[in-house]
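Good morning, and thank you for coming.

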Amino acid sequence: MKTAQFKALLASLEGLTPSQRRRLADSLTGKAGQAAGPTPLDAILSPRCPDCQSSQVVRNGMHAGQQRYLCKACPRTFNAVSGSPLSRLRDKDRFEAYADCMRQGLSVRDAAAKVGLSVDRAFRWRHRFLQSVVPHQPKGVAGMLEVDETYFRESQKGSRKLTRPARYSGGRAKGAGRKAGDWVPVLVGRVRGQPYTVDKVLVKLNGVEVTAALKDAVKPGETIVCTDGHSAFLRLQASLGVETKYFVASYHGHTNKTFHVQTANNYHEQLKTWIQRGLRGVATKYLPNYLAWHRLMTWNKAGLTTYDVLRSASGQQVINT
Ligand SMILES: [Zn+2]
């Protein structure tokens, strides 16, 4: 092969999915065509019995391209994703490629094209992959927890039956401002200098909902909650039982150097940019899943691995631990 051709070949490898990479590696090392053993999914997910949680399991043949296991403690047989939201999806050999799209925060069309799914299926997979991640919130963090709310416009994107008149495309309906019912409050808590994020879509921004959203994330004596003077936050010290610092934004743009919510506000910005520009808006009913997705993608500064996405999707808590 000529040098130029070889260079082009190397360059073309950039776009390979993880499973394509593996097939290529197998082909180069002469492993292609050998009998299929446990799939990469099995290696990643270290199978556990979905009934009794035992990890004392033995291989028990293949079914539909997936290794099956037999629990030694009870009679259950299962595969690596049994009992998880992924269990009933077909084409499990494409999970890894799909997880790679999730890792990158790709739109449903891009993911569909890369993995070879219809757009409808890619959309369904997206929400199955995210279902387990919604409750992967932090527990009892030590440090400064910055808490602030942001708002998303109510959206029925993708819904066939609108319960309100359609909005002019790209613009605001006449007279629509920030009125209740039109905007959805989202609470975000970020621990300063650490990767922990707690988030929750609220029905209403008030003390009861904020307390419920934060109570598992804080620990008396360990967490300091830092927030602004919104009335929903005023009783947090009592309701959460942790030290709470309030600040008042000044008219001159000076912020308190210790007690501020800049880290939480930066997170809001990043989240909104991705949802609006990357995904072109999302339906309100799926908002908790998108919060979970963003939490997943931002957990690790060095970047989340495809394995982390798969493990999270199958129910193992990888983030906020
Ligand atoms: Zn069992």
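Threonine 197 counts as buried, because its relative accessibility is 1%; buried means under 20% relative accessible area, exposed over 50% and partly exposed in between, with a 1.4 Å probe and protein chains only. This threonine 197 belongs to strand 6, residues 197–201. Strands (E, at least two residues) and helices (H or I, at least four) are DSSP runs, numbered from the N terminus. Leaving aside residues up to four places away in sequence, threonine 197 touches Gln137, Pro138, Val188, Gly189, Arg190, Tyr267, Arg295 and Asn320, where contact means heavy atoms within 4.5 Å.

A word on the basis of these values. The model is predicted, so local features need pLDDT of at least 70 and side-chain atom pairs count only at pLDDT 80 or more, while totals for chains, interfaces and linings use all residues. Residues are numbered from 1 along each chain as its sequence is written, and side-chain values use heavy atoms, with hydrogens and water left out.

I turn now to the metal site. Which residues coordinate the zinc ion? They are Cys49, Cys52, Cys71 and Cys74, each through SG, at 2.2 to 2.4 Å. Donors here are N, O and S atoms within 2.8 Å of the metal (3.2 Å for Na, K and Ca); water is not among the atoms, so sites may look incomplete. The angles between the four donor atoms run from 100 to 121°, which makes the arrangement tetrahedral, a term that requires all angles of four donors to lie between 85 and 135 degrees. Along the chain, the donors are spaced as C-x2-C-x18-C-x2-C. Cysteine 52 sits in the loop between helix 3 (40–45) and strand 1 (57–63), and cysteine 74 in the loop between strand 2 (66–71) and strand 3 (77–78), so this pair ties together parts 22 residues apart in sequence. Cysteine 52 is partly exposed, at 36% relative accessibility, whereas cysteine 74 is buried, at 17%.

Finally, helix 4. Eight of the nine residues of helix 4 (residues 95–103) are buried, so the rest of the structure largely encloses this helix. Among the buried residues are Phe95, Tyr98 and Met102.

Terms used: Tetrahedral: all angles 85-135°; square planar, octahedral: opposite > 155°, others 65-115°.
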